[in-house]
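Welcome, and thanks for taking a look. Please have the sequence and the model open side by side as you read.

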Amino acid sequence: MTRVLTMDVLSPTEADAVVARARLGDPVALEALYRTYSTGVYSLARRICRTTEDAEDVLQETFFEVCRSIRTYRGDGSIWGWIRSVASSKALMRLRRNKYRATDELNDELAPARGASTALRMDLEAALDRLSDTARAVVWLHDVEGYTHEEIGTQMGRTASFSKSQLARAHQRLRGWLGDEAVVA
Amino acid sequence: MEQLLAVRDDDRSEPELAGAHSHVASCEACQGELDRLHQRTARLRALPTMAPARNHFPAVRTRWQWERNQRRIRMVSGMFTAAAAALLLSLVGRDLMNPPRLDAEQQLQTAIDASQQLEATLHAWDPAQRVVDGRTARLVVVIEDRIAQVDGRLQDAARLEHAERVQRQVELWRERVGLMNALVDVHVTQVSNVDL
Ligand SMILES: [Zn+2]
């Protein structure tokens, strides 16, 4: 279920060596972690948050946390898994912070941006953008990043069944907006 | 959709999973929806990764190093607080609380030593390099003023006859030690109430 990251250029041995130096506070090693994983973190942030500004903030927050907390990374699980969980928690934090400012829960009720008659075929990215923040985050974390509903519920301060119903709701919306996607046999 | 997702994810926590499986197997419409769901998921996973427009690491490093320095300063301050407290205990506790065993000259020397040690502590802590709040700054001014007054009276005392002079000097140096302690407290622990 977990996506293979093409930019993960560190071999496991290299990653171990870099992490060991990063844990001692070596800025060169920390920068190597940034270079290796910034695209993965930024992509995840960009998919969960709507704007590049928010995604850039999440990227900075994530690596700031990596710098100060890498000592707490015990090496159980991959370093990317650890950094990714920091990133998703920062991204969800950003969504919560935006909640009062944004039109969460309203986006997916809006009329199709490209005119009602062309609602049949909507670009997948545009459809994703149109989901509520919570629904989009759940789709991404569950279907793409491979987190379980339990993990997502915990990260959101909600239950697993909340995550599950958000996923169903999101797919219902996507199904409606994307229309009769060509089913390729 | 819940049922389709349960089938797609083979969600064992779903009580009607078996029923959903067998329904989808026999229903062409649901089979089609399940295929769409699979394809949609595959398309989501195939969306391109996005790279940030610029390198954000310098900003991260600057912030991290700044925070780390702040933490070190707080740690060193804490060590100085502990050192000052230990010093205070040894000076005030042992020497000044038990003065009767010493003669006047010894008492004078003890008080002078104590005052100088406190001054050294304060000097090592280098308050000039530190940011203090307005209240602390005002307290420091008051205490330093009082120390200057004591110093003035110490000069006056030097003109007295020997026996009277030593007695007077002991009193003044002890007062000076008290003020120095207060000054260390204010600087190092930033206490806001000092009983002068
Ligand atoms: Zn059916």
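Here is a short briefing, arranged by topic.

This is a predicted model, in which local features need pLDDT of at least 70, side-chain atom pairs count only at pLDDT 80 or more, and totals for chains, interfaces and linings use all residues. Residues are numbered from 1 along each chain as its sequence is written, chains are lettered from A and ligands numbered from 1 in the order in which they are written, and side-chain values use heavy atoms, with hydrogens and water left out.

**The two chains**

- Chain A has eight helices and zero strands, where helices (H or I, at least four residues) and strands (E, at least two) are DSSP runs numbered from the N terminus.
- Chain B likewise has zero strands, and its helices number seven.
- Of the 185 residues in chain A, 52% are buried; here buried means under 20% relative accessible area, exposed means over 50%, and partly exposed lies in between (1.4 Å probe, protein chains only).
- In chain B, which has 196 residues, 36% count as buried.
- Looking at contacts in chain A between residues at least 6 apart in sequence, 69% join residues at least 24 apart, a contact being heavy atoms within 4.5 Å.
- The corresponding value for chain B, again for contacts between residues at least 6 apart in sequence, is 70% joining residues at least 24 apart.

- A search of the whole structure turns up zero disulfides over all chains, a disulfide being a pair of cysteine sulfur atoms within 2.5 Å.
- A:Cys49 has a relative accessibility of 1%, so this cysteine counts as buried.

**Where the chains meet**

- On the chain B side 37 residues are in contact with 42 residues of chain A.
- Together the two chains bury about 4000 Å², with 59% of it on carbon and sulfur atoms; buried area is the accessible area (1.4 Å probe) that two parts lose on being put together, summed over both.
- The rule finds twelve residue pairs in polar contact across this interface (both at pLDDT 80 or more).
- A polar contact is a pair of N or O atoms within 3.5 Å; within protein, one must be able to donate a hydrogen and the other to accept it, and residues adjacent in sequence count only if both atoms are side-chain atoms.
- On the side of chain B that touches chain A, the elements giving two or more residues are α1 (2-8), α3 (28-45) and α4 (57-96) of chain B.
- α3(B) gives the most to that side, with ten residues.

**Salt bridges**

- The whole structure holds 25 salt bridges over all chains, each being a side-chain nitrogen of Lys or Arg within 4 Å of a carboxyl oxygen of Asp or Glu.
- Seven salt bridges are found across the interface of chain B and chain A.
- One of the pairs is B:Arg8 with A:Asp143, whose closest N and O atoms are 2.6 Å apart.
- B:Glu67 and A:Arg68 also meet in a salt bridge, at 2.2 Å from N to O.
- This pair crosses between chains, from helix α4 of chain B, which holds B:Glu67, to helix α3 (residues 52-69) of chain A, which holds A:Arg68.
- B:Glu67 counts as buried at 15% relative accessibility, whereas A:Arg68 is partly exposed at 35%.
- A network of salt bridges links A:Glu65, A:Arg68, A:Lys90 and B:Glu67.
- Within chain A, A:Asp26 pairs with A:Arg21 in a salt bridge, the closest N and O atoms being 3.0 Å apart.

**A loop residue in chain B**

- B:Asp10 sits in the loop between α1 and α2 (17-26) of chain B.
- Phi of B:Asp10 is near 45 degrees, a positive value in a residue other than glycine.
- The side chain of B:Asp10 forms a salt bridge with that of B:Arg12 (2.6 Å, N to O).
- B:Asp10 is partly exposed at 31%, while B:Arg12 is exposed at 67%.
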